[in-house]
Amino acid sequence: MTENAIFAPARGPLTIALLVLPQASILEVASALDPLRNANRQLGHEAFHWRVVSPDGQPVPLTCGILLPSDGPPGHAVGADLLIVISGYRLDEVATRPLIRELTRIAPRFQLVGGVDSAPWVLARAGLLNGYRATVHWEELEDLATRHPQVEVVPDRFVIDRNRVTIGGAAPAQDFMLHLIRARHGAGLARQVANSFLTDARPGHEPQIAPPRRDPLLDPRVTAAVRRMEERIDQPESTAETARAVGLSPRRLEMLFRESLGTTPAAWALTLRLQAARRILTDTSHPLAEVAERTGFSGPATLSRAFRRAWGEPPGALRKPRKTTG
């Protein structure tokens, strides 16, 4: 992981600008800002400053329905040392061409430019990740790698490469901020901040989706079966194949699923695939045939029938124009 001078021991305050896009998560904003606030509290002085900007300078509607105050449009971020873009859902709507142009214009003015969750997509569209190693939220990894082959996409929690940082989501955003605090003010302060939030910092090179921890309420073979299903959204396997892989008979796996999860392995796997399809339909403009292929359905008609059975509406209903929250 190549880092720049911003991670050297601190000699002065650091200013971070957050460019928050509509439909971002409040948890991601908090994960970026609260470790800095706590570090200031522990130090007894303001080692970190921040400002929040938005695409139009107006309060930003977040996924929870709260309007996040803004200090102005993206140009107001200039003067900060870091610019971090935070985005979540409906990227095709919120990552507008004017925003991409403005981001391209101001990016050279910062020592470090980054993105959280789906925001690496925004940076990639602006050409700001060409030739860099980068990550993105795990649901978007395949898409980013396919659409932007000039970016070396990896499944890490966060990636620092020269003057870019990309961060997989809310928890990795906290990890990155703890890394920044540690680099500038030492391991002791980073540990104090982590302890305040009852957490431990995880390194950036760890995968976003960690191997499942043993849940005392679940048979470990059920956990292993669920993990296999999550990894095979686009190429689902039969219950018999899953059972064989975790060392059980199909009947025994069915019994364990009913006892611990209240459903069958097949129903659980189908729900995972439909949830993935719902996310892709909501967040992208990919054709229905592509959505079906990427979620393990034989075609659009099969996906549509499963969708109607599950939610009582066709997939196309998710792409009707919606009013912006707030």
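This is a predicted model: local features need pLDDT of at least 70, side-chain atom pairs count only at pLDDT 80 or more; totals for chains, interfaces and linings use all residues.
Reader: Ok, which residues touch the most other members of the largest nonpolar core?

Author: They are Ile-16, Leu-18, Val-20, Ile-84 and Phe-176, in a core of 37 residues. A nonpolar core is a set of buried Ala, Val, Leu, Ile, Met, Phe, Trp, Tyr and Cys residues joined through side-chain atoms within 4.5 Å, and buried means under 20% relative accessible area, with exposed being over 50% and partly exposed in between (1.4 Å probe, protein chains only).

Reader: And which helix gives the most to this core?

Author: That is helix α6, residues 170-185, which contributes six residues; helices (H or I, at least four residues) and strands (E, at least two) are DSSP runs, numbered from the N terminus.

Reader: Phe-176 was in that list, so what does its ring pair with?

Author: Phe-176 forms an edge-to-face aromatic pair with Phe-158, at 5.7 Å centre to centre and 75° between the planes. Rings of Phe, Tyr and Trp (its six-membered ring) pair if their centres lie within 6.5 Å, and planes under 30 degrees apart count as stacked, over 60 as edge-to-face and the rest as tilted. Phe-158 lies in strand β9 (residues 158-161) and Phe-176 in helix α6, so the pair ties together parts that are 18 residues apart in sequence.

Reader: Are those two buried or exposed?

Author: Phe-158 counts as buried at 2% relative accessibility, and Phe-176 is buried too, at 0%.

Reader: Changing topic, how long is helix α11?

Author: Helix α11 (residues 265-283) has 19 residues and reaches 27 Å from its first C-alpha to its last, close to the 27 Å expected, where the expected span is 1.5 Å times one less than the number of residues. Among the buried residues of α11 are Leu-272, Arg-273 and Ile-280.

Reader: Where does the charged end of Arg-273 sit?

Author: The charged end of Arg-273 sits over the ring of Phe-297, 4.2 Å from its centre; the rule is that NZ of Lys or CZ of Arg is within 6 Å of the ring centre and within 35 degrees of the ring normal. Likewise, the charged end of Arg-278 sits over the ring of Trp-311, 4.5 Å from its centre.

Note on methods: Residues are numbered from 1 along each chain as its sequence is written. Side-chain values use heavy atoms; hydrogens and water are left out.
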